[in-house]
Amino acid sequence: MIRSLFEASSETLALYILALTGCLLFGALVMEHFFALVPCPLCLMQRIWFFAAGLFAFIGLLHNPRWGIYPLLSIASAVTGAGFSIRQLYLQSLPADQVPACGPDIAYMIDAFPLKDLLAAMTRGTGDCAAVSWQFLGLSIPAWALLGFAAIVVLGIAQLRAGNRA
């Protein structure tokens, strides 16, 4: 399977990245709206980076998916998002007495906080980010997100290689 992945065309791989990010974002929206799981600031940052990776794949499809800049931007977005996933996994692994204090919800922060404080909360996380609210096969949401980001990196590398073959 991996061999066939690295033999696919650049266009096909860009479509895979676009489909994967679409499915992951759809899953996040389902968890938020149907399962009533309120996303924490780090979850929202991970969504932003999934969106960015898919957006770069989409722009590449519109322009020229064989250009190396588009898969590189998707890879950079995925690596950045993976950093936020790792940060959230770190917060979830902390003992209860070392978890940062819980802050107000993100809607209130957008309305009441200055941009500097909002960005700090979104990049460092709050105590809300340490709560494990859902698990599947023993992995929490940020662990699944980290796997999604890793898959985007693999697909982006395969797309880079495919663009070089053409």
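Predicted model: local features only at pLDDT ≥ 70, side-chain atom pairs only at ≥ 80, totals over all residues.

Cys43 counts as buried, at 17% relative accessibility.

| Residue | Relative accessible area | Class |
|---|---|---|
| Ser77 | 2% | buried |
| Cys43 | 17% | buried |
| Arg47 | 18% | buried |
| Glu32 | 24% | partly exposed |

Which two side chains meet in a salt bridge? They are Glu32 and Arg47, with 2.7 Å from N to O, and the count for the structure is 1 salt bridge. The pair links distant parts of the chain, 15 residues apart: Glu32 belongs to helix H2 (residues 10–33) and Arg47 to helix H3 (residues 41–62). Arg47 counts as buried because its 18% relative accessibility falls under the 20% cut-off. Glu32, at 24%, is partly exposed.

Now for H2 itself. Its 24 residues should span 34 Å at 1.5 Å a residue, and the end C-alpha atoms are 35 Å apart, so the two figures agree. The buried residues in H2 are Ser10, Leu13, Ala14, Ile17, Thr21, Leu25, Ala28 and Met31. An α-helix has 3.6 residues a turn, so residues three or four places apart point the same way.

On to the nonpolar core. The largest one has 15 residues, and Leu13, Ile17, Phe50, Phe149 and Ile152 touch the most other members. H2, H3, H4 and helix H7 (141–165) each supply at least two residues, with H7 giving the largest share, 6 residues. Take Phe50: beyond its neighbours within four places in sequence, this residue is in contact with Thr21, Leu24, Leu25, Ala145, Gly148, Phe149 and Ile152. There is also a second, separate core of 7 residues, including Cys40, Leu42, Met45 and Leu91. As a rule, nonpolar side chains in soluble globular proteins tend to be buried together.

Finally, have a look at Ser77 in helix H4 (residues 69–93). Is this serine buried or exposed? At 2% relative accessibility, Ser77 counts as buried. Setting aside neighbours within four places in sequence, its contacts are Trp49, Ala52, Ala53, Phe56 and Phe149.

Definitions and conventions: Residues numbered from 1 in each chain as written. Heavy atoms only, no water. Salt bridge = Lys/Arg side-chain N within 4 Å of Asp/Glu carboxyl O. Helix = DSSP H or I, 4+ residues; strand = E, 2+ residues; numbered from the N terminus. Buried < 20%, exposed > 50% of the residue type's maximum accessible area, 1.4 Å probe, protein only. Contact = heavy atoms within 4.5 Å. Core = buried A, V, L, I, M, F, W, Y, C linked by side-chain atoms within 4.5 Å. Expected span 1.5 Å × (residues − 1).
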